[in-house]
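Subject: Structure handover and notes

Dear colleague,

I am passing on the structure we spoke about, with the sequence alongside. Please read the notes below with both of them open.

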Amino acid sequence: MKYKVKEIAYNERLFKKLIKQALLKAPQQKHSIEDIVLATGLSTRWVAYTLSLLLRRYPCRLETNENNELLYIFDFDAGENRLKRWFTQWLQTPPNTKGGWLRKTVAHIAGITDQLKDRWLTEKLILNYIRNNQGQIVIAELIQLTGWSIRQAETEAVQLLANYEGEVEITTQGVIIYKFAQFAKPSNEAVDISESLKIWERPLAEKEWKGEDLEKKIKALNRWNFRIAATAPFVFGGLFYLLSGSVPTQVLLLSAGVPLSLSTLFYSIPAVRKLRLSLENEKIRRKNVERYVLKAIFHRIHQQIRPERQIKVLIDDVKPLKTYLYWWNPRLVDQSMFDVLMMLTCTYDKEAIFKEKALALDAELNVDTSGEICYEFERLHLEMTEVAHNRLPSSNSFDNLLI
């Protein structure tokens with residue numbers, strides 16, 4: 001009997017199942033393409049193509065091993081739920097279509113409208129940054145643009161690869177550079193001008209209360225409620241007295257209590273909305289502080305940072321840079337000192353916020369000779385250095401994305 005390797009036609013459903021089963025059975029979570037080929041028996045070409053399809057459905061991160069081989073780390077438990085995907089697509093339906101009023105109401109109650117808008121804005125900013133930088137980006141730059149943690153940035157970078165047909169390049173230092181050929185055309189816009197796309201240059205505006213008209217209507221309605229509450233007991237009491245010769249106590253309480261209860265309800269609705277607005281603004285203020293601390297980290301990413309002694313110095317060092325970056329864009333001059341004033345007046349523990357950011361960015365925690373705690377962001381610094389060496393010089397121009 002002659003044995004030979006049988007040629008198999010591509011079967012997307014079968015190959016996805018085989019690769020997923022192989023990855024779930026393997027003891028380690030990190031797999032190279034060669035590992036998957038050996039585990040499934042599929043060709044390298046089919047494995048690479050099927051992996052690109054799996055990236056669209058399941059969260060995945062990319063890492064490198066000691067041999068600078070690319071490793072895939074899938075999270076199959078966090079795959080997109082079909083019901084959630086349908087619900088998201090339904091919310092994206094234009095409001096003028098059938099059932100648009102219901103979609104708009106649900107989106108407003110669930111708070112999803114702003115999330116969808118922010119999602120597209122973030123993706124647009126990332127793509128514009130990639131376009132301005134020869135079609136290349138690293139995880140450190142994604143963090144600068146979005147404020148994500150390293151793990152989230154790695155997952156989103158893989159989604160960008162799947163959505164925009166990108167590829168990766170691994171440098172001799174083991175740094176993964178994400179490349180997108182369709183955005184690698186020559187550009188007149190400069191890397192320095194792309195600074196305006198970074199998250200610390202885009203402070204969040206606090207939400208304003210727009211319920212003045214509602215308050216006027218409530219006050220006018222409550223004037224009638226108070227008049228009814230004052231006159232209703234006499235009217236209903238007189239009717240009962242004429243008809244039955246006595247006035248039940250329940251009648252007096254209901255006739256006066258119902259209008260007053262409605263007034264309390266009418267006042268409570270805008271009061272709750274104002275309270276919710278104040279809580280949301282408090283979260284916005286903290287996010288702006290986090291953005292400013294993130295800028296301070298990247299400002300000194302090439303050296304050790306000692307937050308206990310240097311946190312005030314870190315903040316002061318980046319203040320002059322804020323005014324300098326806005327001289328060419330007068331539309332943003334009014335916001336140039338927004339986060340500076342925020343840092344000077346807020347009551348947040350800046351050192352605690354710094355430590356949270358350092359943990360999310362996988363900073364190395366060390367102790368110097370004097371016993372003081374210091375943080376090193378070696379990975380982010382290495383990525384910024386490596387991607388700078390892989391880019392060609394570009395000429396300066398204006399960034400018109402936010403204009």
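Throughout, a residue is called buried under 20% relative accessible area and exposed over 50%, while anything in between is partly exposed. Please keep in mind that this is a predicted model. By those cut-offs Ile-228, at 39% relative accessibility, counts as partly exposed. Ile-228 is placed in helix H9, which covers residues 212-244, and, once neighbours within four places in sequence are set aside, its contacts are Pro-233, Ser-255 and Pro-259. The C-alpha atom of Ile-228 is also separated by 9.0 Å from that of Leu-260, although the two residues are 32 apart along the chain.

Leaving out residues up to four places away in sequence, Phe-377 touches Ile-297, Ile-301, Ile-305, Phe-354, Ala-358, Leu-361 and Ala-363.

Phe-74 leads on to the strands. Strand E1 (residues 60-64) and E2 are paired in the antiparallel sense over 5 bridges, and Cys-60 has Phe-74 in E2 as its bridge partner. The hairpin of E1 and E2 has 5 residues between the strands, and in it Asn-68 takes a positive phi near 60 degrees. E2 itself is mostly covered, with 5 of its 5 residues buried: Leu-70, Tyr-72 and Phe-74 point one way, whereas Leu-71 and Ile-73 point the other way.

Helix H3 (residues 44-54) has Val-47, Thr-50, Leu-51, Leu-53 and Leu-54 as its buried residues. On which side of H3 do they lie? They are on the same side, because the arc that they cover around the axis is only 155 degrees. Their cover includes helix H1 (12-25), helix H2 (33-40) and strand E2 (70-74).

The rings of Tyr-58 and Phe-76 form an edge-to-face pair, because their centres are 4.9 Å apart and their planes stand at 75 degrees. Since Tyr-58 lies in the loop between H3 and E1 and Phe-76 in the loop between E2 and helix H4 (82-91), this pair ties together parts that are 18 residues apart in sequence. Tyr-58 is buried, with a relative accessible area of 7%, and Phe-76 is buried as well, with 12%. Tyr-72 and Phe-74 make a stacked pair, at 6.4 Å centre to centre and with 10 degrees between the planes; both of these residues are buried. Ring pairs also link Tyr-10, Phe-15, Trp-46 and Tyr-49 into a cluster, and Arg-45 lies over the face of Trp-46, at 4.2 Å from the ring centre.

Finally, there is an open sheet of 3 strands, with antiparallel pairing, in the order E3-E5-E4. Strand E3 (136-137) and E4 are its edge strands, each pairing on one side only. E3 pairs with E5 over 2 bridges, and Gln-136 has Lys-179 in E5 as its bridge partner. Strand E4 (residues 167-170) pairs with strand E5 (residues 176-179) over 4 bridges, with Ile-170 opposite Ile-176. In the hairpin of E4 and E5, which has 5 residues between the strands, Gly-174 takes a positive phi near 85 degrees.

With best regards

Methods. Residues numbered from 1 in each chain as written. Predicted model: local features only at pLDDT ≥ 70, side-chain atom pairs only at ≥ 80, totals over all residues. Heavy atoms only, no water. Buried < 20%, exposed > 50% of the residue type's maximum accessible area, 1.4 Å probe, protein only. Contact = heavy atoms within 4.5 Å. Pairing = 2+ DSSP bridges. Arc of directions from axis to C-beta. Phe/Tyr/Trp six-rings, centres within 6.5 Å; stacked < 30°, edge-to-face > 60°. Lys NZ or Arg CZ within 6 Å of the ring centre and 35° of its normal.
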